[in-house]
Amino acid sequence: MTSQTLASLDDTELSRYLEGSGLRFCVGPYTYALRSPLPIIRYGLARLYADHPLAANDGFADFHLSFRANGLLDFLRGHIHFQVDEQSPFAAIPKAQAYAFLEWGMNWCVSVTLHEYLKLHAAVVAKNGVAVVLPGLPGAGKSTLSAALALRGWRLLSDEHAMLEPGSNKLVPLPRPVSLKNDSIELIQAFEPSAIMGPVSEDTHKGSVAHLKADLASDSHDLARLPARFLVFPRYQAGAKLRLSPKGRAESFMFAAHHSFNYSLLGESGFDSMSRFIDNLECFDLHYGSIDQAHSAMESLLHGRYGA
Amino acid sequence: MFRVWRLTGPARFYDRSESAFVYYQVDSGDTHLLSETVFPILKALAEKQRSTTELLDHLCQSDGLGSGVTEEQLVQQLQSLSAAAIVTQD
Amino acid sequence: MRPSVADLLRNPGTAFSLSLSDWDLLVPQLRQTRLLGTLRSLLAAQSDDDRKIPQEVWRHLDAGWLLHQKQRHSLDYELQHLVSALAEVDEPVLLLKGAAYLCGDLAPAAGRLISDIDILVHANKLPRIENVLSSYGWSAGAIDPYNERYYRRWMHEIPPLGHVERGSTLDVHHTLLPPTCDVAIDPSTLWAEARELQPGVKVLCPVDMVIHSAAHLFHEGEFDHGLRDLWDLDCLLRHFVKTEGADFYPQLLQRASDMKLLRPLYYALRYASSFFATPVDLAALQSMGLQQPSSAQIKLMDFLFVRAFTPKHSACRLSGTGLAEFSLYLRSHYLRMPLRLLLPHLIRKAWMDCFPAAASSKN
């Protein structure tokens, strides 16, 4: 693909779009249109979305987002509203947290508005054309693990949404920066000093949040669907011994269903899609105490399967 | 009185011969993870509604998982399935 | 001129020639007015191999449709429980508004979303009904004592009930408008005319359904999905004039007149025909007793309601929208209460918005 990326815009052009008709860029199959007067948003986008394709200005955007101060009260408190479709569904936020909120809001749009895919709450990484789905409860370490894998040559398909084409085992890539919280920020910086991070937002409801540029593979923005082969439930525990153990399909089904954004909305067809999906997978629990351990376990998973 | 057990509504099974299976209730949209021990009971009730005695006979005649079940165990299982609104008694 | 959501619903065929930049403005408006699924159902009937909506647009329309289907499915399930619950106190389930349209498969049903289930019950049975609903899991939860008193004394419904397990919301009405409104609704006549959909489930008869829809909309203070509610009216009117025949409009006028609700009916007919070209002969209806407000009043109402029924989007926003919204908010309270009750209530509400903790601790 030779389409223009965000990196082709200099700072002046970037502000002109953001403060004017909106910056339109692609994330996997979706197009975002974003308006914002905030320097921190411009800085974060330039750093983390440099390789994302730009979309036509006169085309169709799936999601229209903007940051806007609503009146005097926002202005006096240094707050700003995050708008979706020109509506303000959320309370005002401090400007310093705007970047974390943008990333959160971009996820929110995907989670609640479209249902053409079965959407699971999971990170997705791939190597040699084989995708591994990493669901996880908050704190289980899925983001830290996928960040580390992205920095060691794996392709990151998604940080938050495993998007499954109904009735298949094909996943739709949705490459976005990886959201890192609190200790994970330093951990990843130490793991790979050259890692590119966006602005750090302090004191959000999740603590400190920063994002890692993770579209590092040459095919990061390729739109082709990838077959999923493994469902791995990571669980990080400081000092734990590595354990990669097979997990039951029914149990995995249940977990994935409970952590899906739209399994319930899709009704019986959601059940059918999940059944087909789980049948095509090998499921594992991965308990680990260090990123390096988990990395080597993930490599062995691929090699065990393909004998490379 | 001759009371029969039935499923509370149409259901789907995701069973891969493990220690547990997934039971999906079409009407409510609820998904349950159930122990394999109740699988033959629900399969039997999915075919048709049955009384406790009929159910016990059916399970004992099969050579599967439910063949060794006692009446006491069966009643207990039916009661807990009933409490979870999976089966009901007419 | 950019196409509007109302134009699109009125002439769905025009959707096939829209550009991507038209859709770029329309999809957010359709989502906001909760009409994605409605348009999807209108287009599904018209599209073929030569007439297609771009896939990236269709998936948004389809998302509205999927949500509608899920809600319809859940409604059936909730209804099973509701029918058994109310049967214990010998009360049928009389569905109102969206739930009635969906369950009765009435004209506005296709693609329509609902946010809760509204039912009408007999006021004299209310305590027993609340008890039985509570035993089936529907409860009001923690509610501010001022709000509770407000509902009990001044409203036509009890505080909304949420289901503890399923999270569904139930609005239990004992009449159609707050008793403080200057109207003459006799619930027993609503019950007498109600029609049965299935055993234990009823809906209002056609004229009552239209009057309720109109009265509800034109007593409202918020118009987030005002356009959708007006679309309901258009669909109902077109549908009932076919099923009920030539008597429909005379009966509608008579009934509205009996209930002292001719004014909201007038507005419903006026704005439905102006936004959706609903085939209504207003002049003929006026000769049959439908009073037209004075021309000054009409001008003012046009100013307010045209803004209320226009989606809140920069592509179509009219100047004065903020003022119109605020005026309609005040108007809705004014219609609901005499001024001696209204002022203390609005002051109280404003106070609680600013200092929620302080206000509730004083109760």
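This is a predicted model: local features need pLDDT of at least 70, side-chain atom pairs count only at pLDDT 80 or more; totals for chains, interfaces and linings use all residues.
Student: Which residue ranges does the domain assignment of chain A give for domain 2?
Tutor: The assignment gives two domains in chain A, and domain 1 covers 6-113. Domain 2 is written as two segments, and these are 118-176 + 214-306.

Student: What is the area buried between domain 1 of chain A and domain 2 of chain A?
Tutor: The centres of the two domains, taken over C-alpha atoms, are 28 Å apart, and 15 residues of domain 1 are in contact with 13 residues of domain 2. The size of an interface is often given as the accessible area lost when the parts come together. Carbon and sulfur atoms give 55% of that area here, and the whole comes to about 1,200 Å².

Student: Which element supplies the largest share of the side of domain 1 of chain A that touches domain 2 of chain A?
Tutor: On this side of domain 1, which has nine nonpolar, four polar and two charged residues, β2 (30-35) and α4 (98-113) of chain A each supply at least two residues. The largest share amounts to five residues, and the element that supplies these is α4(A).

Student: Which side chains meet in a salt bridge?
Tutor: Across the interface of domain 1 and domain 2 of chain A there are seven residue pairs in polar contact, and the rule for salt bridges finds one. A salt bridge requires a side-chain nitrogen of Lys or Arg within 4 Å of a carboxyl oxygen of Asp or Glu. At 2.8 Å from N to O, a pair that meets this rule is Arg176(A) and Glu103(A).

Conventions. Residues are numbered from 1 along each chain as its sequence is written. Chains are lettered from A and ligands numbered from 1 in the order in which they are written. Side-chain values use heavy atoms; hydrogens and water are left out. Domain bounds come from an automatic or database domain assignment. Contact means heavy atoms within 4.5 Å. Buried area is the accessible area (1.4 Å probe) that two parts lose on being put together, summed over both. A polar contact is a pair of N or O atoms within 3.5 Å; within protein, one must be able to donate a hydrogen and the other to accept it, and residues adjacent in sequence count only if both atoms are side-chain atoms. Helices (H or I, at least four residues) and strands (E, at least two) are DSSP runs, numbered from the N terminus. Ala, Val, Leu, Ile, Met, Phe, Trp, Tyr, Cys and Pro count as nonpolar, Asp, Glu, Lys and Arg as charged, and the others, Gly among them, as polar.
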